[in-house]
Amino acid sequence: MNKKQIAITLGLMCVLLTSGIIVQINTIKKNSISNNIKTSNNDLRDEVLKWKERYERTYMELQESENKLEQVRQEASKDNNSFVEMEQELKSMNSLLGLTDLTGEGIIITVADNENASIKDGDLLKDELVHNLDIIELVNELKNTGAEAISINGQRVISTTAIDCVGAVITVNGVKINSPFTISAIGNKERLNGITRPGAYIEFMEEYGITVEVKKSSEVTIPKYNKVMNAKYMSIKK
């Protein structure tokens with residue numbers, strides 16, 4: 001065998017040896033990556049299970065605490081009539097403040113912009129559109145006719161409720177609402193229906209093509225006020 005053949009043979013052997021080493025290295029890398037992924041997945045699963053167990057344990061403890069509290073309240077109410085009276089008074093006060101969901105007879109008013117009205121040249125003050133002042137007027141009339149609770153598109157009206165106008169959008173309690181507007185009121189439905197009397201504000205709105213529908217109902221539902229009530233300036237006098 002001459003030198004040329006020997007060189008070729010050695011070259012082929014080096015190529016085969018190098019290829020084998022590369023294949024072995026890639027196999028080791030793949031196995032290592034696969035093992036790392038499996039380890040990570042197992043660790044993640046274990047962590048999720050731990051948090052799930054913590055949540056279930058905490059939830060059970062909360063349920064037990066609520067059950068114990070209810071038992072204490074029931075036991076206290078059996079032996080203490082004043083406690084029952086205080087609890088009823090608290091519920092009544094929360095209702096007046098708007099902090100509880102309410103249901104009762106009343107009326108539901110649906111108000112919508114004149115369907116033929118169009119805003120041109122930025123004219124947002126057209127009488128054919130429903131404005132915040134229209135909603136305020138209707139709310140005031142409802143209060144004057146004995147409404148005990150009022151909501152506008154699901155927003156509870158309380159003493160601090162602001163009904164504002166931002167461009168073509170009305171906001172109630174800071175929440176944007178659009179036409180059609182649904183005003184729900186709880187009270188004597190026959191008396192509240194007096195809002196439809198001749199010469200009332202609804203008649204004025206209808207003159208501009210605004211659609212107003214008033215429906216009496218034996219079961220009107222009004223949600224509670226869902227924001228934080230803060231008193232910045234008033235305090236209890238000692």
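## Strand pairing in a predicted model

In β6, Val-175 is the bridge partner of Val-172. The model is a predicted one, and this pair belongs to the link between strand β5 (residues 169–172) and β6, where three bridges join two antiparallel strands.

**The sheet β4-β5-β6**

Strands β5 and β6 are part of an open sheet of three strands, with the order β4-β5-β6 and antiparallel pairing. Its edge strands are β4 (163–166) and β6 (175–177), each of which pairs on one side only. From one strand to the next, the twist averages 35°. Helix α3 (residues 132–144) packs on this sheet and touches β4 and β5. The direction of helix α3 makes about 165° with that of β4.

Strand β7 covers residues 181–186. Is β7 largely enclosed by the rest of the structure, or left open? Five of its six residues are buried, so β7 is largely enclosed by the rest of the structure. Buried here means under 20% relative accessible area.

Strand β7 is joined by bridges to β1 and to β2. The pairing with β1 (residues 102–112) is antiparallel and has six bridges. The pairing with β2 (residues 149–152) is antiparallel too, with four bridges.

| Strand and residues | Partner | Bridges and direction |
|---|---|---|
| β1 (residues 102–112) | β7 | six bridges, antiparallel |
| β2 (residues 149–152) | β7 | four bridges, antiparallel |
| β5 (residues 169–172) | β6 | three bridges, antiparallel |

**The chain as a whole**

The protein chain contains five helices and eight strands. Along the sequence, these elements follow the pattern α-α-β-α-β-β-β-β-β-β-α-α-β. The chain has 238 residues, of which 22% count as buried. Among contacts in the protein chain with a separation of 6 or more, 75% are accounted for by residues 24 or more positions apart. The protein chain exposes about 17500 Å², and carbon and sulfur atoms supply 54% of that area.

Terms used: Residues are numbered from 1 along each chain as its sequence is written. This is a predicted model: local features need pLDDT of at least 70, side-chain atom pairs count only at pLDDT 80 or more; totals for chains, interfaces and linings use all residues. Side-chain values use heavy atoms; hydrogens and water are left out. Two strands pair if DSSP finds at least two bridges between them. Axes are lines fitted to C-alpha atoms, for helices over the stretch in contact, and angles run from 0 to 180 degrees between N-to-C directions. Contact means heavy atoms within 4.5 Å. Buried means under 20% relative accessible area, exposed over 50%, partly exposed in between (1.4 Å probe, protein chains only). Accessible areas come from the Shrake-Rupley method with a 1.4 Å probe; for residues, only the protein chains shown count as cover.
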